[in-house]
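Morning, everyone. I have one structure to take you through, so let me put it on the screen.

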Amino acid sequence: MANVVVAENHLTFGGVGYFRGHAEEVELGSIGEKRTPLTKQNYLEVKDRIPAPKIDVAKATAVDIDFSKTSKSAFNTVVSAIIKGVPVKLSGDATFDKLRSGSLKLVKFSVLNNDMKKAANNSPQKLQSLIEWGNDARIAHQVFVVMEASLANQFDNNIHADLSVGAKGLEATVGGGSSTSGTTSVRISKGTCFAYLLARIDWDAKLKKNRTKIVDLDDDQWSFG
């Protein structure tokens, strides 16, 4: 069922609004401060990221775009599509045409809120940074990437993808360990994100000076405000 609608500044999937502002800077586990400029789209100001070994696993699924509600004007920038496992730069028009033809697809990678909470709490330096950034601190825990259809089919049906750090950044692998035959790996490092969802942090104390750990993460969707 085609239930993804892409707009210039956000993406909607399953009734949830995902950010597109500065998406090229965002990775799974990126941390920073949410910015809400008056005349521009809201975005995550990326400052660091939770180490991939602390996250381990993401859930992946391929999704379809509703082209009756999505226009080519929503693809007004260069897009990095993952082809043969690595990012390739495509124009917005080319990306739109290839998505509509089915040669490219969108794949969502997501880390469960509780898993990301655990990863952040187990990363002392990153946790301290989140505390210092106060109530604007956010964590990116879901990302969409554009991928060639033959690869996207391997990352479908809510399959579990193992996360690791390769020579050129974060990688996702399905089908077993990275040394096992029959595995499929793609690079979902910086520059490949098309849209993302943020997590707002609930702390163990109201005052910043008394905070020591994250007790919960709540989805923080894109909105006009």
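Predicted model: local features only at pLDDT ≥ 70, side-chain atom pairs only at ≥ 80, totals over all residues.

Secondary structure next. The chain holds 15 strands and five helices.

Now overall dimensions. What radius of gyration does the chain have, and what would a compact globule have? The chain comes out at 17 Å. A compact globule of 225 residues would be near 17 Å, so the two agree. Along the principal axes, the C-alpha trace covers about 55 × 50 × 30 Å.

On to packing. Of the 225 residues, 49% are buried. Take the contacts between residues at least 6 apart in sequence: 66% of them link residues at least 24 apart.

Then the surface. Its accessible area is about 10600 Å². Carbon and sulfur atoms account for 47% of that.

Charges, quickly. I count 29 positive side chains and 25 negative ones. The centres of those two sets are 2 Å apart.

Now zoom in on S189. Where does S189 sit? Look at the loop that runs between β13, residues 184–187, and β14, residues 193–203. Is S189 buried or exposed? Its relative accessible area is 4%. The cut-off for buried is under 20%, so S189 counts as buried.

Who are its neighbours? Leave out residues up to four places away in sequence, and S189 touches E27, K168, G169 and L170.

To recap that site: S189 is a loop residue, it is buried, and E27 is one of its contacts.

That's it from me.

Conventions: Residues numbered from 1 in each chain as written. Heavy atoms only, no water. Helix = DSSP H or I, 4+ residues; strand = E, 2+ residues; numbered from the N terminus. Rg over C-alpha atoms; globule rule 2.2 N^0.38 Å. Buried < 20%, exposed > 50% of the residue type's maximum accessible area, 1.4 Å probe, protein only. Contact = heavy atoms within 4.5 Å. Areas by Shrake-Rupley, 256 points an atom, 1.4 Å probe, with all protein chains shown as cover. Lys, Arg positive; Asp, Glu negative; His and termini not counted. Charge placed at Lys NZ, Arg CZ, Asp CG, Glu CD.
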